[in-house]
Amino acid sequence: QVQLVESGGGLVQAGGSLTLSCAASTRAATINTMAWYRQAPGKQRELIATISRVGVTSVVDSVKGRFTISRDNAKNTVYLQMNSLKSADTAVYYCNAVHIFGMEYWGKGTLVTVSS
């Protein structure tokens, strides 16, 4: 199995920035697509951004221009750079990875709280 460990969450002021990290226990070559999801209080979990093994990215409109997903295969880590944060971004952020063999894995989540 693959273990995903998120880090970097915390409390940040509106307009500020935060970078989340997700480290995979397996080598990056075995991971196809990685993604970030989030679940705000009282809401369903939603997809935020994806990145393929070769670096093709996709970001949802609600965070486009503010959030950037990247991947460092040498470190087996995916990142989510979040800028211009607003209160609506407050959520638990989850890392997701799809193995090249089709298995899907989830991290335990890291809480991001944006205060006004």
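Reader: Let me start with Cys-95: buried or exposed?

Author: This is a predicted model. In it, Cys-95 is buried, with a relative accessible area of 0%.

Reader: And what about Cys-22, buried or exposed?

Author: Cys-22 counts as buried, at 0% relative accessibility.

Reader: Which residues form a disulfide?

Author: Cys-22 and Cys-95 do, and their sulfur atoms are 2.0 Å apart. The link of Cys-22 and Cys-95 is left-handed, with -85° about the S-S bond.

Reader: Which strands do the two cysteines lie in?

Author: Cys-22 is in strand S3 (residues 18-24) and Cys-95 in strand S9 (residues 91-99), so the pair ties together parts that are 73 residues apart in sequence.

Reader: How many disulfides are there by count?

Author: The count comes to one disulfide.

Reader: Changing topic, how many helices and strands does the protein chain have?

Author: The protein chain has zero helices and 11 strands. Its radius of gyration is 13 Å, close to the 13 Å that the globule rule gives for 116 residues, so the protein chain is as compact as a globular protein of that length.

Reader: What does the C-alpha trace span?

Author: Along its principal axes, the C-alpha trace of the protein chain spans about 40 × 25 × 20 Å.

Reader: What share of the residues is buried?

Author: Buried residues account for 45% of the 116 residues in the protein chain.

How values were computed. Residues numbered from 1 in each chain as written. Predicted model: local features only at pLDDT ≥ 70, side-chain atom pairs only at ≥ 80, totals over all residues. Heavy atoms only, no water. Helix = DSSP H or I, 4+ residues; strand = E, 2+ residues; numbered from the N terminus. Rg over C-alpha atoms; globule rule 2.2 N^0.38 Å. Buried < 20%, exposed > 50% of the residue type's maximum accessible area, 1.4 Å probe, protein only. Disulfide = S-S within 2.5 Å.
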